[in-house]
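Let us walk through this structure together, one neighbourhood at a time. Please keep the sequence and the 3D view side by side as you read.

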Amino acid sequence: NFIKATESFDADDLAFFRSLPTKVNIAVVTEDANLDAVRDVPIIGRLSVEVSRLALRLFRPATHAEVVQAIMQDVSLLVDAQEMDPGKGRLPIIAFYTQEMRLVGVHACRLPELSAEMRRRRSAWIESHPEIWDAREPLDKMTPLTRTRLIQAIYALTPEQRVMWGRLTVKYWRRILSTPPAAAQAN
């Protein structure tokens, strides 16, 4: 995913990130097994390698509990903290900070458009499998087989879709970093 991440940004994106007036600190709260993290973290990681203006640090809730708590406290000023509770698998949380460690913006979990697409896929899969008795249950109440099949249906992306969502994600990060810090703090 790290190698293919370059497909998610183009020369214009690189020029934007390289032209940032100062270094941007990026704190990512993530877990390796989280499927949203598998999609998005390699992109921000590759972008930070390609662009010297991005200083990236990764934190895992289980091993960096105090740091994650501090990030969550910062981020709760901009986003409803319950929507992105790392204890409920809502990762990654990508927090963008100025050099002075003022929070500029946050990308929590996934793009809203992708969340809507995943809800649509979930509904379609459930409707197309009426024979699966526990398909309408919450994920934690499903049998492991049903849960696995549903998650595969929700997260399956063609190479073209993966690139499309990656590009939209990079554009979202650009919008975050285009917002003046004072305005971002007020939102």
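Start at Ile 26: setting aside neighbours within four places in sequence, this residue is in contact (heavy atoms within 4.5 Å) with Ile 44, Leu 54, Ala 55, Leu 56, Arg 57, Ile 94, Ala 95 and Phe 96. Keep in mind that this is a predicted model, where local features need pLDDT of at least 70, side-chain atom pairs count only at pLDDT 80 or more, and totals for chains, interfaces and linings use all residues. Residues are numbered from 1 along each chain as its sequence is written, and side-chain values use heavy atoms, with hydrogens and water left out.

Ile 26 also belongs to the largest nonpolar core, which has 24 residues; Phe 17, Ile 26, Leu 47, Leu 54, Phe 96, Trp 173 and Leu 177 have the most contacts inside it. Such a core is a set of buried Ala, Val, Leu, Ile, Met, Phe, Trp, Tyr and Cys residues joined through side-chain atoms within 4.5 Å, where buried means under 20% relative accessible area, with a 1.4 Å probe and protein chains only. At least two residues of this core come from each of H1, strand S1 (24-29), helix H2 (35-50), strand S2 (54-59), strand S3 (93-97) and helix H6 (159-178). Helices (H or I, at least four residues) and strands (E, at least two) are DSSP runs, numbered from the N terminus. H2 gives the most to the core, with 5 residues. Apart from this core lies another, of 13 residues, among them Ala 27, Val 68, Met 72 and Ala 95.

Now look at S3. Here 5 of the 5 residues are buried, so the strand is largely enclosed by the rest of the structure. Ile 93, Ala 95 and Tyr 97 point one way, while Ile 94 and Phe 96 point the other way. S3 pairs with S1 in the antiparallel sense over 5 bridges (strands pair if DSSP finds at least two bridges between them), and Tyr 97 is the bridge partner of Asn 25. S3 also pairs with strand S4 (residues 103-108), again antiparallel and over 5 bridges.

Finally, turn to H1. Asp 13, Leu 14, Phe 16 and Phe 17 are buried in this helix. Seen down the helix axis, the buried residues of H1 fall within an arc of 160° (taken from the directions from the axis to the C-beta atoms), so they line one face of the helix. Their cover includes H2, S2 and H6. In the segment before H1 (11-18) sits Ser 8, which counts as buried because its relative accessibility is 1%.

Technical notes
Buried < 20%, exposed > 50% of the residue type's maximum accessible area, 1.4 Å probe, protein only.
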